[in-house]
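Hello,

I am handing over the structure below. My notes on it follow.

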Amino acid sequence: TVFNTGIAPVKLGNRSLLEGEQLYTLGKNNTSIKGKFTGYSEAGLILSDASIRQDYLGGPLVSEEGMVFGVSVAPPKEQKKTGLAVPMAMVKQEFGL
């Protein structure tokens with residue numbers, strides 16, 4: 001458990017996402033946005049059909065099994081209706097984990 005709180009650590013996604021797979025972006029106040037995985041951008045970011053709002057930026061992108069696959073980021077203005085997330089592999093590399 002995390003620091004003896006009884007809270008289990010999250011599991012990081014350790015498999016490839018499947019096109020059409022259901023994903024959830026978690027936000028403030030225990031809210032979520034549902035979307036489907038649509039592929040990867042040229043830069044290797046996770047793409048979904050979920051329109052991510054400000055309150056969800058920086059939140060985890062989670063599968064139905066509860067595995068964290070990425071961290072939600074703001075899309076460019078011209079791609080407003082596209083959900084973007086930095087894959088956990090990139091996050092781990094950036095922070096040397």
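With 97 residues, the protein would have a radius of gyration near 13 Å if it were a compact globule, and its value of 13 Å agrees with that. The radius is taken over C-alpha atoms, and the globule rule is 2.2 Å times the number of residues to the power 0.38. Along the principal axes, the C-alpha trace spans about 45 × 30 × 25 Å.

Please keep in mind that this is a predicted model: local features need pLDDT of at least 70, side-chain atom pairs count only at pLDDT 80 or more, and totals for chains, interfaces and linings use all residues. Residues are numbered from 1 along each chain as its sequence is written, and side-chain values use heavy atoms, with hydrogens and water left out.

Overall make-up

Helices (H or I, at least four residues) and strands (E, at least two) are DSSP runs, numbered from the N terminus. Of the 97 residues, 34% count as buried; buried means under 20% relative accessible area, exposed over 50%, and partly exposed in between (1.4 Å probe, protein chains only). The protein exposes about 6600 Å², with carbon and sulfur atoms supplying 53% of it. These areas come from the Shrake-Rupley method with a 1.4 Å probe, and for residues only the protein chains shown count as cover. Among contacts (heavy atoms within 4.5 Å) with a separation of 6 or more, 43% are between residues 24 or more positions apart.

Salt bridges

How many salt bridges does a search of the whole structure find? The search finds two, a salt bridge being a side-chain nitrogen of Lys or Arg within 4 Å of a carboxyl oxygen of Asp or Glu. One joins Glu-21 and Arg-15, with the closest N and O atoms 2.5 Å apart. The other joins Arg-15 and Glu-65, where the closest N and O atoms are 3.0 Å apart. Arg-15 lies in the loop between strand 1 (11–12) and strand 2 (22–26), and Glu-65 in the loop between strand 5 (60–63) and strand 6 (67–73), so this pair ties together parts that are 50 residues apart in sequence. Through shared partners, Arg-15, Glu-21 and Glu-65 form one network.

The three residues also have their accessibilities listed. Glu-21 is buried at 12%, Arg-15 is partly exposed at 33%, and Glu-65 is exposed at 56%. Glu-21 sits in the loop between strand 1 and strand 2. Leaving aside neighbours within four places in sequence, the contacts of Glu-21 are Arg-15, Ser-16, Gly-35, Lys-36, Phe-37, Ser-63 and Glu-65.

Aromatic pair

Phe-37 and Tyr-40 are edge-to-face, at 5.2 Å centre to centre and 70 degrees between the planes. Phe-37 is buried, with a relative accessible area of 5%, whereas Tyr-40 is partly exposed, with 45%.

The helix

Met-88 is in helix 1 (residues 88–94) and counts as buried at 13% relative accessibility. Not counting residues up to four places away in sequence, Met-88 touches Leu-12, Val-68, Phe-69, Gly-70 and Val-71.

Regards

Notes: Rings of Phe, Tyr and Trp (its six-membered ring) pair if their centres lie within 6.5 Å; planes under 30 degrees apart count as stacked, over 60 as edge-to-face and the rest as tilted.
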